[in-house]
Amino acid sequence: MSSEQDPLFSVEGQVAVMTGAGGVLIGGMARELARRGAHVVVVDRAVDQAQKVAEGIRAEGGMAEAVIADVLDRKSLGDALSCVMESYGRVDILINGAGGNRKEASTSPELSFFDMPSDALKFVMDLNLLGTIFPTQIFGRIMARQKQGVILNISSMNSFRPLTKIIGYSAAKAAINNVTQWLAVHLAQNYSPGIRVNAIAPGFFETAQNKFLLRDEKTGELTARGQQIVGHTPMGRFGVPEDLMGTLIWLVSPASKFVTGIVVPVDGGFSAFSGV
Ligand code: NAD
């Protein structure tokens with residue numbers, strides 16, 4: 001029996017709602033779940049990106065549809081839920097992947113912490129933290145009714161120890177770890193032990209949201225920060241989306257059925273290395 005057919009790791013026939021799946025990492029996760037027979041709902045506010053991911057999955061023989069919604073707008077999330085319920089009548093997996101940082105919320109030679117604009121800080125805090133809580137309220141209500149479901153939040157390694165420059169993003173991801181534990185306890189105690197909530201904390205993956213910090217915009221060479229990161233990663237490289245898939249499948253399948261309220265680092269050893 002291949003691992004894909006093993007019932008312990010099966011996601012076949014599961015309805016997976018995935019916010020931010022128009023992007024690099026969650027789009028990769030969407031393809032992996034679809035490849036394993038899940039019905040994937042690509043929720044993103046970027047229409048073209050969401051449609052591209054869903055079309056790509058269908059072209060490979062998977063089941064996917066794009067649903068446009070903003071994770072900070074409950075009305076649009078409610079509309080997305082209506083679409084999902086009409087198509088499938090249930091929600092088995094929710095992945096809260098929409099998130100990211102903004103240049104204006106990062107310190108730099110041009111921008112001191114003291115001058116950081118409040119709207120940029122609020123944007124990053126809201127997107128990552130409330131953008132995880134609001135979809136959980138909307139889609140999690142169905143899981144509470146079903147007494148069954150798996151929620152996977154996307155944290156970051158900067159949630160355990162903050163990284164320099166990115167104050168709002170680090171604080172918001174730390175809050176996601178706290179919310180992951182809170183929800184795990186609340187949903188198990190008040191609704192059903194069949195509802196689990198965990199998080200993945202990816203280390204450094206080179207994507208659109210952090211490229212400006214990792215590579216020189218003109219030459220494409222690693223910045224001093226990019227070099228420092230690779231130098232501090234025992235595995236000596238940035239992560240690629242495939243590095244997340246084993247942890248993803250474990251956390252959304254019955255293989256982790258007694259696991260709830262944890263945050264799993266996937267960081268090539270970055271957090272284990274003292275630097276010496
Ligand atoms: P990405 O920018 O490629 O994808 C993010 C997606 O979220 C985009 O498609 C965007 O349109 C969507 N989005 C943004 N705001 C939204 C909103 N309000 N409503 C709905 N959709 C919205 O980013 P990525 O690198 O794939 O990151 C995915 C997740 O992983 C994020 O939560 C990010 O913080 C986290 N993460 C990334 C890294 C990394 O190194 N790239 C490391 C740790 C954690």
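**View 1. The largest nonpolar core of this predicted model.** Among the 34 residues of the largest nonpolar core, those touching the most other members are Met18, Met29, Leu33, Val40, Ile95 and Leu248; such a core is a set of buried Ala, Val, Leu, Ile, Met, Phe, Trp, Tyr and Cys residues joined through side-chain atoms within 4.5 Å, where buried means under 20% relative accessible area, exposed over 50% and partly exposed in between (1.4 Å probe, protein chains only). Elements that each supply at least two residues of this core include strand 1 (15-19), helix 2 (47-59) and helix 8 (245-252), while helix 1 gives the largest share, 6 residues. Helices (H or I, at least four residues) and strands (E, at least two) are DSSP runs, numbered from the N terminus.

**View 2. Two lysines with positive phi.** Lysine 147, in the loop between helix 4 (118-146) and strand 5, has a phi near 60 degrees, and lysine 165, in the loop between strand 5 and helix 5, has a phi near 75 degrees. Most residues other than glycine have a negative phi. Lysine 147 counts as partly exposed because its relative accessible area is 45%, and lysine 165 is likewise partly exposed, at 33%.

**View 3. Isoleucine 167 in helix 5.** Helix 5 (residues 167-190) holds isoleucine 167, which counts as partly exposed because its relative accessibility is 40%.

**Notes.** Residues are numbered from 1 along each chain as its sequence is written. In this predicted model, local features need pLDDT of at least 70 and side-chain atom pairs count only at pLDDT 80 or more, whereas totals for chains, interfaces and linings use all residues, and side-chain values use heavy atoms, with hydrogens and water left out.
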